[in-house]
Amino acid sequence: MAVDSRTLGWMTRALGHEMTAVQQYLAQSVLARLWGDAALAAELRQEALEELDHAALLMEQLILHGVAPSAGSLPPARLGRGAAELQAHDAQLEASAVHLYADALRHAQRVRDGESAALFARLLDEESQHLQRVQQTEGATHG
């Protein structure tokens, strides 16, 4: 079954977002390690790996549909001067992912693409969980 070209566009856009997240979390992990905060560094590295898994899912779907994956140009990683600033940037990144996947899911449902809708729903759920985790950590840092 051929996939709607706009759905492939959503997948490509999502791949770019996931690769941006990998870069940001990995850079922040390195920064936290340089600060001497091994626990934060490990937590951020784990987030990078989760985002990398999301990117792999999207790449697989793109390849299955005959599209060479491309994340395009990635924006610079958003760093900070402390854990609270990193978490604020990460909350913005995760909120953006939630909006992206909600829009992509609505599109896939509208064009009756159940397979893509299932993928976007899964990623929406996982990114929503990431956002809640970041917000809870952010609240604990500011509280």
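**Tour of the predicted model**

Of the contacts in the protein chain with a separation of 6 or more, 79% are between residues 24 or more positions apart.

Next, color by secondary structure. The protein chain has 4 helices and 0 strands, and the order from the N terminus is α-α-α-α. The radius of gyration of the protein chain is 16 Å, close to the 15 Å from the globule rule for 143 residues, so the chain is as compact as a globular protein of that length.

Now select the C-alpha atoms and orient the view along the principal axes. Along those axes the C-alpha atoms fill a box of roughly 50 × 30 × 20 Å.

Switch to a surface display. The accessible surface of the protein chain is about 7600 Å², and carbon and sulfur atoms contribute 55% of that area. Of the 143 residues, 41% count as buried, the cut-off being under 20% relative accessible area.

Then select the charged side chains. The protein chain carries 11 positive and 19 negative charges.

For the last stop, select residues 83-110, which form helix α3. This helix has 28 residues and reaches 40 Å from its first C-alpha to its last, close to the 40 Å expected at 1.5 Å a residue. Then select Arg112, which follows α3 and has a positive phi, near 60 degrees.

Note on methods
Residues are numbered from 1 along each chain as its sequence is written. This is a predicted model: local features need pLDDT of at least 70, side-chain atom pairs count only at pLDDT 80 or more; totals for chains, interfaces and linings use all residues. Side-chain values use heavy atoms; hydrogens and water are left out. Helices (H or I, at least four residues) and strands (E, at least two) are DSSP runs, numbered from the N terminus. The expected span of a helix is 1.5 Å times one less than its number of residues. The radius of gyration is taken over C-alpha atoms; the globule rule is 2.2 Å times the number of residues to the power 0.38. Buried means under 20% relative accessible area, exposed over 50%, partly exposed in between (1.4 Å probe, protein chains only). Contact means heavy atoms within 4.5 Å. Accessible areas come from the Shrake-Rupley method with a 1.4 Å probe; for residues, only the protein chains shown count as cover. Lys and Arg count as positive and Asp and Glu as negative; His and the chain ends are not counted. The place of a charge is taken as NZ of Lys, CZ of Arg, CG of Asp or CD of Glu.
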